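Biologist: Let's go through this model together. Can you put it up?

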Amino acid sequence: MEKKQFQAESKRLLEMMINSIYTQKEIFLRELISNSSDAIDKLYYRALTDDAISFEQDQYAIHITADKEKRTLTLIDTGIGMTKEELENNLGTIAKSGSLAFKKTNEIKDGHDIIGQFGVGFYSAFMVADMVTVNSKSVDADTAYKWQSDGSDGYTIEETVKDTPGTEITLHIKENTEDESFDEFLEDYRLKAIVKKYSDFIRFPIKMDVSTFKPKEGGEEGETEEVQEIQTINSMVPIWRKNKSELTKEDYEQFYQDKRYGFDKPLEHIHLSVDGAVRYNSILFIPENTPFDFYSKEYEKGLELYANGVLIMEKCADLLPDFFSFVKGMVDSEDLSLNISREMLQHDRQLKLIAKNIQSKIKSQLQTLLKNQREAYETFYQSFGRQLKFGVYNDYGANKKVLEDLLLFHSSTEKGLVSLSEYVSRMKEDQSYIYYATGESVERIEKLPQTEIVADKGYEILYFTEDVDEFAIKMLQSYQEKEFQSVSSADLKMDEDDTEESEEEKDANKALFETMKSVLSGKVKDVRLSKRLKTHPVFLTAEGEVTIEMEKVLQAMPD
Ligand code: ADP
Ligand code: MG
């Protein structure tokens, strides 16, 4: 028997994991199952090219057994197995990718986060076990080896007997301490729940010996006996890997509910199977209702992220732009590694590609909805239109192209909401601007004196009733090369020769205007004659870029 030391780095990782907070410990099972699944995959690929190796589908499984008396949890896989060298190289050092995440993390606190969110590999077993034994036989070797470690300072390795290739990992579950109980990792129902949560879509069956009560054979009525039974825990084929044509609307709704993406029914779903520069499957939902905390700081955007069927992050924010933060759903990619840290994800090229792709799919889906199902789109817009407008306003209009076609506003000529393209298509031949008026409500805007002359010309006016509207439009500046103009703007000119006042008119009314100005002193800057009024005697306007309505919003904002 040989005894070897762990690397210093491995020790630090172990310490960190052992001290990780309780709820994160459960992910050890996800890690071990993923390794087993990888090992079966490897064998499968070998069998494709190597005649000496046969792959019989029904032999490939991951088997989990808990023994409460011995306090052991055992995972057996029929995968490719490990040679002596592989046991030493793979289990004696931290997995390359996993270690990188840790090197960058100096604080234990952040370390916790990584343990919860990302794969940390085989070592995570030591979060719950005080002794780990790995018996493995490689398909390439005649001898099997036993690797064993208590996690603290090293491991032993020796020959052992194992008939078939594959790996058998036995964890001796820690004794309970005053603060922590480890018993749950020996309970069938808990283990099942953990498998379901993280590993439901592993492609191979995950089987468990579970004890159930069955009516006793030959016994009295109602008499039961405890029997051992092998159950397959995982559902194996995730809905997102299924063919769209096999799935019904109800299937998607069921998935939305199972995943607790929302309490409502989704308005629309998007199912993507992309096989290009980056490969991924994704199911996205546009909810019908605004989540109660949507417009608050508590709301967290993000999509579930899976690496090849294994959940690695519950809310990956990098996958969604803020203006689409209402979208729910998941992404599964074969091109992502299980051991990827949050920092690394942010810079991951694949992830960026996926995010970009998803953004354009959501946009085109919304556009299609707008075109073909106006009513549904307006329902959506009621819930999330405000977020789109914020999207235009933020980032200085950088998202203009993505969002401008998705906006809707009230209008002076149409009953319902109108899009900018609809507005432009109705513009009069001599009309150079897209006109808008701002106010608290449609009713109030309709009474604004300054709308009259524009409406009289036969021009449509967009009615801005939300505080964000005008700010967003200022960022857009124009739509299809037509500039926006407020009907209240001091520079509004309906005709070329429509100068506001001639010199004579100015002189004629000088005394009157001076008097008005002094009466309204401190309230107005100037009083002028206007040709823009028809049936109203007066209107208020502001000079420059910021309109009166915008000023009101700015003043109401907390500093
Ligand atoms: P990762 O899975 O990211 O490589 P791990 O720490 O989880 O990191 O595992 C380290 C390595 O140990 C794996 O890459 C694999 O080569 C080997 N390994 C772990 N578990 C098994 C297993 N059940 N069967 C075969 N090889 C395994
Ligand atoms: Mg692993």
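Biologist: Which residues touch the most other members of the largest nonpolar core?
Modeller: Ala125, Tyr436, Ile461 and Leu462, in a core of 112 residues. Such a core is a set of buried Ala, Val, Leu, Ile, Met, Phe, Trp, Tyr and Cys residues joined through C-beta atoms within 7 Å. Buried means 20 or more other C-beta atoms within 10 Å, exposed 12 or fewer, partly exposed in between, with C-beta atoms placed from the backbone. This is a predicted model: local features need pLDDT of at least 70, side-chain atom pairs 80 or more, while totals for chains, interfaces and linings use all residues. Residues are numbered from 1 along each chain as its sequence is written, and chains are lettered from A and ligands numbered from 1 in the order written.

Biologist: Where is Tyr436 in the sheet, and what does Tyr436 stand opposite?
Modeller: Tyr436 stands opposite Ser486 in strand 20. Strand 17 (residues 433-438) and strand 20 (residues 482-486) pair in the parallel sense over 4 bridges. Pairing takes at least two DSSP bridges. Helices (H or I, at least four residues) and strands (E, at least two) are DSSP runs, numbered from the N terminus.

Biologist: What is the strand order in the open sheet of 6?
Modeller: 16-15-18-17-20-19, with mixed pairing. Strands 16 (418-419) and 19 (478-479) each have a single partner strand, so one side of each lacks a neighbour in the sheet.

Biologist: New topic. Is Phe513 buried or partly exposed?
Modeller: Partly exposed, because 16 other C-beta atoms lie within 10 Å. Phe513 lies in helix 17 (residues 510-519).
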